[in-house]
Amino acid sequence: MNKKLKLKSLSVIAILFLITAVSLVPFLWMISTSLKNSSALMAVPIEWIPKKVSFDSFVKVLKELPFLKSLMNSVAITLGSTILTLVSSSLAAFIFAKFEFKFKNLIFILFLASMMVPIQVTGIPIFIILTKLGLNNSFIGVIAPSIFNVFAIFLLRQYMKNISNEFIEAALIDGANLFQVYLKIIVPMSLVPLTTLFVINFMSYWNDYFWPLIILTDPNKVTLPVLLSKLNTQYATEYNTLMAGSLVSMTPILVVYTFAQKYFIRGIQEGGIK
Amino acid sequence: MKKLHKNFKFYIIIFLIPCSIGYLIFSLLPMISALYLSFTSWDVIGGTPNFIGAENYQNIFDGDEFYRVMGNTFKFIILYIPGIIISSFLVAILFDTKVKGVTGFRILLFIPVLTSWVAGSIIWKSALNGQYGLINNILGLIGIEGPGWLTDTKWSMVSVVLVSIWKDLGFFSLIIFGGLRGIDKTVYEAAEIDGANSFQTLRRITLPLVSPTLFFVLITTMINSFQLFPQVMVMTGGGPLGSTQVIVERIYTYGFKYFNMGYAAALSMILLIVIVSITIIQLILQKKWVFYE
């Protein structure tokens, strides 16, 4: 029995090792390519490990191209969008979870139905509306649509429903208003889903492509994915530069992941149980 | 709490304002405008939208391009959806074995998910290069001459599918693993006592119990398939010979490269109709196979 169990464990590990290795090999390829000089790129047979390690492409990416600027843009836009989503969604979720009012269900259903409408449909008119408001090419324009995030409202509402009404009633008897209830009771008691949503939204806003691509045309304002895609057209086959850029663009999210991976993993797993 | 105190009304309105304004400006209003725009011709730069009736739709359905684009999307769907569901399910089952060390793989397999589509596609564009790329050189080691993955019309969409599975595997295997973890393990013990073999257990117990999660995965992957965009933009730009052109790529090209907003809006309305119909069909069909306790 024990031997059989050991064999089973071993084969599970072996298969997972194989799948993970295949998944991660492209990243090793990225690192190897980013360290090549331009002549080594076209070497046949290919150099798995560059014979001459060159940091030229990193120098180019960090010095000649606006990578650091884009990095700061990405940080600002991602944080702004994530926080806006969390604030607006938690306010609405609190109301949907705890109060009865006219048209409540209708509004909620309309919100949910809008999940089916992708940004590619609404993108053109939103672009036009924001252009009319003079907000295209601005951070506000990129961030603004994240004020409405149905998934976040839904997840928070499910969680807040389980917060006992007694806490709220007690606070109200003590003379607190609803805003204080939200700030002192609802938010602190919803930290688990708020953290989950923070990491999930951070990841998706960080990697978002379609929307920033459309709204930001000023090269000084673009985010990392947009800058990378522009480099991709510009330096189509200069793979060492492209790979160095990809590597640099991945670093911040990998650092966040290293410290907060349990929130990422847990958050997405929980999504599967619901 | 059911009793609505008069002064709560004020707070209810205030608390709902941010999301409601967001819904109006970024969802409802744009949807109506997109519908209107789809019946106009407009280049954004000068003048106002010109009402031209159903001409955009007529042009779309009369040309060959739309059918090619839908054909490409269909090709993507029939390869990607079975591919991602089967592979994620297998990985999720391995995660669920509780073997020591599995957690580490869960963490590592998530790295492609964290990578932006643009960076991931750039890496693969290089790795799939016919001559100097990683894949063909590995295949060469075992004596196989690999195709021009991204330059051969036979392989370009297959490449897009493989890269998409690579990117999404870590995500969907975690989702399905979440579903598997929710299954009460005593059910398995009961099945073992009754003498069920592992195939019977999988077929009769695991699959029905995890079917709500699989349904969620099916809906999400289906919607994602129609929104296919960055991987195509970066790796192939729609080529070679239009073999990887898909609907969102066309919307972007017509709207923001040719500034033909009316035509792009008409394409986007078609996209919306397709997504809504498929979702509704799936919601109806789910009664046949999704099992809720």
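Me: In which loop of chain B is Leu241(B) found?
Reply: In this predicted model, Leu241(B) has a positive phi of about 55° although it is not a glycine. The residue is exposed, with a relative accessible area of 80%. Its place in chain B is the loop between helix 11 and helix 12.

Me: What is the omega of the cis peptide bond that joins Gly239(B) and Pro240(B)?
Reply: Pro240(B) is found in the loop between helix 11 (230–235) and helix 12 (247–257) of chain B. The peptide bond joining Gly239(B) to Pro240(B) is cis, and its omega is about -10°.

Me: How many residues of chain B are in contact with chain A?
Reply: The two chains bury about 8200 Å² between them, 81% of it on carbon and sulfur atoms. In chain A, Met116(A), Ile124(A) and Gln269(A) lose the most area to chain B, together 8% of what that side buries. On the side of chain A, 89 residues take part in the contact, and their partners in chain B number 88 residues.

Me: Which helix of chain A gives the largest share of the side that touches chain B?
Reply: The residues on that side of chain A divide into 66 nonpolar, 18 polar and five charged. The largest share of the side, 17 residues, comes from helix 14 (residues 239–273) of chain A.

Me: What separates the C-alpha atoms of Arg266(A) and Thr196(A)?
Reply: Arg266(A) has its place in helix 14 of chain A. The residue is partly exposed, with a relative accessible area of 38%. Along the chain, Arg266(A) and Thr196(A) are 70 residues apart, while their C-alpha atoms are separated by 7.7 Å.

Me: Which residues have the most contacts inside the largest nonpolar core?
Reply: This core has 181 residues. Leaving aside neighbours within four places in sequence, Phe110(B) is in contact with residues of chain A, including Met203(A), Tyr257(A) and Phe264(A), and with Gly170(B) and Leu174(B). The residues with the most contacts inside the core are Phe67(A), Phe94(A) and Phe110(B).

Me: How many residues of helix 6 (residues 117–127) of chain B are buried?
Reply: Among the buried residues of helix 6 of chain B are Trp117(B), Trp124(B) and Lys125(B). The helix is largely enclosed by the rest of the structure, because the number of its residues that are buried is 11 of the 11.

Me: How many residues apart are Asp96(B) and Lys185(B)?
Reply: The side chains of Asp96(B) and Lys185(B) meet in a salt bridge (3.7 Å, N to O). The pair links distant parts of the chain, with Lys185(B) in the loop between helix 8 (156–181) and helix 9 (186–193) of chain B, and the two are 89 residues apart.

Me: Which side chain meets Lys98(B) in a salt bridge?
Reply: Lys98(B) is exposed, with a relative accessible area of 57%. Its salt bridge has an N to O distance of 3.8 Å, and the partner is Asp96(B).

Me: Which residues are linked with Glu249(B) in a network of salt bridges?
Reply: Arg250(B) forms a salt bridge with Glu249(B), the closest N and O atoms being 2.9 Å apart. Arg250(B) is buried at 8% relative accessible area, and Glu249(B) is buried at 2%. The residues linked with Glu249(B) in the network are Glu65(B) and Arg250(B).

Notes
Residues numbered from 1 in each chain as written. Chains lettered and ligands numbered in written order. Heavy atoms only, no water. Contact = heavy atoms within 4.5 Å. Buried area = accessible area lost by both parts, 1.4 Å probe. Helix = DSSP H or I, 4+ residues; strand = E, 2+ residues; numbered from the N terminus. Nonpolar A, V, L, I, M, F, W, Y, C, P; charged D, E, K, R; others polar. Salt bridge = Lys/Arg side-chain N within 4 Å of Asp/Glu carboxyl O. Buried < 20%, exposed > 50% of the residue type's maximum accessible area, 1.4 Å probe, protein only. Core = buried A, V, L, I, M, F, W, Y, C linked by side-chain atoms within 4.5 Å.
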